[in-house]
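Please keep the sequence and the 3D view at hand while reading.

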Amino acid sequence: MRFAIVGQRGVRNDVWALPWSDLASRLEELGLPLWNQEDLSALQLPTKDDLGNNPWLFRGPFRPVNLALADTAFRLVAENSLSQRAAAVCDELLPLVLQPSLLSFYAAEFSAQEYSVHDTYLQSNPLAIEVSEDALEKLMELTLLHPQAKTLHRTWAEVGVVLVELREIGWIQQYFQRLWQELGWQDAEIRLALAHAAMEMLDFDLALDHIHAILAQYPDFGPALELQHLAEKQEQVPRDAHAGHNHGD
Amino acid sequence: MRTLRLFLYFTALVGLLLGISDSLSLALGGSTADSFLANGFVLLALGLGARFRCVGFVPLRASFLLLGFAGILPLLAGFAPLGAAFAAFFFLPLRAVGACISGILRQQPHHLSLLALASWCGWLLTTAWAPGLPGFLLLWLVAAILQRTLPTPEPEPSPPLAFLPLLPPAFSAAGIVLLFLALSPYLSLFDSGALPQDLRRGASLGMVFFLCWFTFGSGFANTPARKGIAALGSLALGLGWPYFVSNIAQLSSTENYFRWLGDPRLHNLFSFATRSVPEEHPVYVPILTCIGFALPSALTALVLRNAFARNHQDWGPYSLAPLLLGSGVAFLFCGFFAYPLFPYLGWIAGTTLVSAAMFFWWNLSLPKPLRWLGTASLLCCLYFPLHAAPALTFQHPLMDAYVWTPAPKPSNASWPQHDSLQTANYFSLPRYLLRNATPSQLALDRTFLFDDRNSLAAGLEKQGIREAEFLFAAALARNPQKICWVGPPNRQALQALKQRAPMELSVACDPPNLGRLALLNPISGESFPSLSIQPSLTRCEGPFDLVFMQGQAMWEQRHSLLRAEILRQAFLRLKEQGLCVFVASPEDFVPGILPQWIQEFKNIFPTTQVFLLPLAPTK
């Protein structure tokens with residue numbers, strides 16, 4: 001997760017510009033779909049007017065910020081200090097943001113990281129990431145405000161992979177069911193997570209329903225094909241992997 | 001009590017002078033070259049003042065009052081010529097301070113060591129405390145109060161100027177400054193370069209320095225052998241610079257590094273749990289600093305202590321002035337010629353120090369033939385520093401999850417002859433390192449850009465994030481035609497945009513060769529075209545559609561973009577609807593920083609918006 005602070009020289013009268021189609025396609029490939037204003041507004045953090053009371057932090061001789069940032073220096077064994085620091089920074093900013101935003105989700109998510117050196121969100125292995133109900137609630141709250149924001153679809157897809165890996169069936173049913181039924185999301189990733197949950201509960205028929213819906217949309221979707229193969233044989237997904245991911249690489 | 005008062009006065013005064021230099025550097029643009037110009041300006045003014053026997057024809061108290069106003073110089077950042085013009089007003093007050101210090105030392109020459117010790121303490125204090133502008137003003141106040149309690153030096157008629165006695169101390173001081181700058185890229189080769197590490201480095205170097213100063217230095221300073229010792233010390237420094245560099249290069253090999261830091265005696269002494277002293281351990285930096293730099297530091301103490309006059313008649317009244325002037329001129333020289341000069345700096349430092357030895361020898365009270373013979377021999381010694389070629393390949397002995405080796409220069413015909421994958425410059429050693437890999441990853445690009453110990457390039461996993469945030473900024477700026485990238489640029493991200501839209505790129509990166517290396521493809525040798533690579537935003541010609549800043553290794557002062565002055569400079573170089581975009585991760589900050597940084601944006605830009613980009617590493 002990254003913060004982007006944008007300052008414009010002139011006063012802005014209209015809305016922020018969206019990427020042109022070529023750029024938008026590439027951004028979507030990179031995990032940042034921005035096709036309309038709702039996608040963009042889900043990413044905004046409208047802040048209060050008065051945010052700080054330490055004007056000397058960044059200016060003049062002997063800037064205190066240089067000493068303060070020494071704690072962020074690279075450490076060979078960082079354990080979970082990165083996520084703890086990220087959580088503290090997000091928590092500090094949270095009361096200064098005027099409306100529900102992704103920040104509250106990330107603050108809760110960072111705070112949920114508890115364990116070892118591998119247990120940070122920087123890990124690409126979803127097995128090494130913790131999720132909390134608080135974080136999911138915050139994400140759902142924002143989703144209800146921006147139900148069509150593609151950026152949130154993408155975030156839920158990422159969360160889905162983690163929840164499947166963690167075998168958090170209850171949460172998948174609680175949140176992904178809602179996304180599918182209440183908000184009408186038909187994303188392949190959402191249905192795939194629901195298919196996984198159904199298979200965990202040995203409801204192979206329901207799992208196949210979800211899989212067929214995905215394959216009707218994307219006939220070559222590898223994870224769905226793999227899951228279909230297992231579901232038809234009424235076999236569960238192996239414990240150390242989920243369809244579409246091979247941790248042996 | 002009087003000695004203590006004088007020590008405190010010197011400490012506060014040096015802190016104040018460091019603050020003035022820092023302020024002036026920020027007003028000029030904030031790059032390393034700007035800091036050299038600022039240091040040179042301050043030292044030159046002090047040195048010119050130190051020639052006088054009293055206060056240099058300027059009222060001392062009024063001068064002190066004026067000096068405090070140097071704190072407003074950073075407000076002129078972005079208007080470098082105006083900042084320089086305003087700084088000129090501080091020349092006479094600084095000269096008065098130089099005359100005051102010189103007057104105190106003339107009355108009590110033994111306070112020279114006190115001044116040296118206080119200078120070190122002043123640096124340690126401001127580095128460890130980082131008090132900001134309020135601290136600067138406090139130092140100003142303390143120095144002003146303490147100065148009132150000191151007796152004003154009695155005015156004396158100025159003696160006639162003798163040129164020859166000025167040369168040895170002036171050349172030795174200039175040579176020492178040049179040598180320090182020539183060795184500066186290797187100072188933080190093995191550590192993060194964060195302020196606490198700098199503090200430990202400065203403290204350990206200072207301890208070695210003063211150990212030599214108070215033992216051998218002071219021991220010889222009161223004997224007739226003083227000038228001879230100074231000559232020998234200068235000669236050793238001048239001829240030894242290639243050895244100092246090679247010594248660090250040798251230390252960087254894995255074998256030597258672990259031989260020193262994995263010594264069982266260190267294990268027994270400090271009881272750490274790892275194979276060698278870990279980087280976070282308080283003794284890590286002092287040990288490496290002493291191995292690499294103890295010898296030049298001790299020799300410097302020997303030369304400086306013996307370059308000073310034993311009494312008034314020896315070098316005349318100019319004991320302090322030539323040292324200050326010599327170092328000031330050296331800083332100005334490096335400031336004006338700056339980055340292209342660096343590859344030759346070792347040779348220049350070597351010849352300057354050998355010349356200093358020659359002048360010291362010439363000033364000895366020896367029979368004339370012996371003086372001529374010695375001077376001629378030393379003249380011949382100039383051959384050695386001029387033809388020295390120190391080893392310039394530095395390994396990376398530190399291991400994380402990977403083992404790193406210097407990336408080999410590809411042997412294809414298209415590779416530019418002049419380009420190298422490692423180019424040292426002031427306080428910076430940018431280089432490409434190769435990461436070890438499993439067989440399945442061998443075909444991938446595994447070269448990473450490092451500056452000293454810090455990795456600046458995104459890993460394979462994070463490259464997508466770097467690209468996405470830059471494209472996001474470009475999208476908000478509505479197809480920007482003219483872009484300025486502040487800090488080391490990301491080549492792949494720039495290429496991604498260039499494939500989709502034409503653009504002109506300027507880079508503000510300190511040192512510029514770091515930016516040049518970042519734009520270079522280490523495999524093919526192709527470089528991303530840019531209009532210019534400047535050391536600071538002040539020197540980039542706008543107006544720009546987009547000024548883009550990416551927070552990287554911000555714990556190192558040199559890489560930190562968190563300066564209000566940079567935002568003001570960016571504002572002045574943007575087109576009417578141009579955007580300034582700063583991106584960083586939450587873990588790049590600590591609590592207490594980010595809200596105030598957003599506030600700085602709000603203070604400077606009429607429209608400010610914060611976005612949260614939910615980007616995850618590529619799986």
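In helix 22 of chain B, the buried residues are L594(B), P595(B), Q596(B), W597(B), I598(B), Q599(B), E600(B), F601(B) and I604(B). The helix spans residues 594-604, and with nine of its 11 residues buried it is mostly covered. The model discussed here is a predicted one. What do the buried residues of helix 22 of chain B pack against? Within chain B, their partners are helix 21 (564-572), strand 9 and strand 10 (607-613), while chain A contributes strand 1 and helix 4. One of the buried residues of this helix, E600(B), has a side chain that meets that of R59(A) in a salt bridge, with 2.4 Å from N to O.

**The interface of chain A and chain B**

The contact between the two chains draws 82 residues from chain A and 100 residues from chain B. Together, chain A and chain B bury about 8600 Å², and 63% of this area lies on carbon and sulfur atoms. Polar contacts are also present: 33 residue pairs are counted between chain A and chain B, with both residues at pLDDT 80 or more. On the side of chain A that touches chain B, the elements giving two or more residues are strand 1, helix 1 (21-29), strand 2 (44-45), helix 3 (64-68), helix 4 (81-93), helix 5 (102-112) and helix 7 (150-166) of chain A. Helix 4 of chain A supplies the largest share of that side, namely eight residues.

**Salt bridges**

Over all chains, the structure holds 19 salt bridges. Five salt bridges are found across the interface of chain A and chain B.

| Side chains | N to O distance |
|---|---|
| R59(A) and E600(B) | 2.4 Å |
| E469(B) and R2(A) | 2.7 Å |
| K138(A) and D134(A) | 3.0 Å |
| K575(B) and D545(B) | 3.2 Å |

The side chains of E469(B) and R2(A) meet in a salt bridge of 2.7 Å. This pair crosses between chains, from helix 18 (residues 463-476) of chain B, where E469(B) lies, to strand 1 (residues 2-8) of chain A, where R2(A) lies. Are these two residues buried or exposed? E469(B) is buried, with a relative accessible area of 0%, and R2(A) also counts as buried, at 3% relative accessibility.

The salt bridge between K138(A) and D134(A) has a distance of 3.0 Å. Both residues lie in helix 6 (residues 133-145) of chain A, and because they are four residues apart, about one helical turn separates them. An α-helix has 3.6 residues a turn, so residues three or four places apart point the same way. K138(A) counts as partly exposed at 25% relative accessibility, and D134(A) counts as partly exposed at 42%.

The side chains of K575(B) and D545(B) meet at 3.2 Å. K575(B) is partly exposed, with a relative accessible area of 31%, whereas D545(B) is buried, with 15%.

**A nonpolar patch on the surface**

Which residues form a nonpolar patch on the surface? They are L125(B), W129(B), L138(B), L141(B), V142(B) and I145(B), which together have about 520 Å² of accessible area. At least two residues of the patch come from each of helix 6 (112-129) and helix 7 (132-149) of chain B. Helix 7 of chain B gives the most, with four residues. V142(B) lies in this helix 7 of chain B and is partly exposed, with a relative accessible area of 35%.

**A loop residue in chain A**

Q148(A) is located in the loop between helix 6 and helix 7 of chain A. At 44% relative accessibility, Q148(A) counts as partly exposed. Leaving aside residues up to four places away in sequence, Q148(A) touches E38(A), D39(A) and H153(A). The C-alpha atoms of Q148(A) and L183(A) are separated by 8.8 Å, and the two residues are 35 residues apart along the chain.

Technical notes
Residues numbered from 1 in each chain as written. Chains lettered and ligands numbered in written order. Predicted model: local features only at pLDDT ≥ 70, side-chain atom pairs only at ≥ 80, totals over all residues. Heavy atoms only, no water. Salt bridge = Lys/Arg side-chain N within 4 Å of Asp/Glu carboxyl O. Buried < 20%, exposed > 50% of the residue type's maximum accessible area, 1.4 Å probe, protein only. Patch = residues over 30% accessible without salt bridge, like charges linked within 9 Å, V, L, I, M, F, W, Y side chains within 5 Å. Areas by Shrake-Rupley, 256 points an atom, 1.4 Å probe, with all protein chains shown as cover. Contact = heavy atoms within 4.5 Å. Buried area = accessible area lost by both parts, 1.4 Å probe. Polar contact = N/O pair within 3.5 Å; in protein donor to acceptor, adjacent residues only side chain to side chain.
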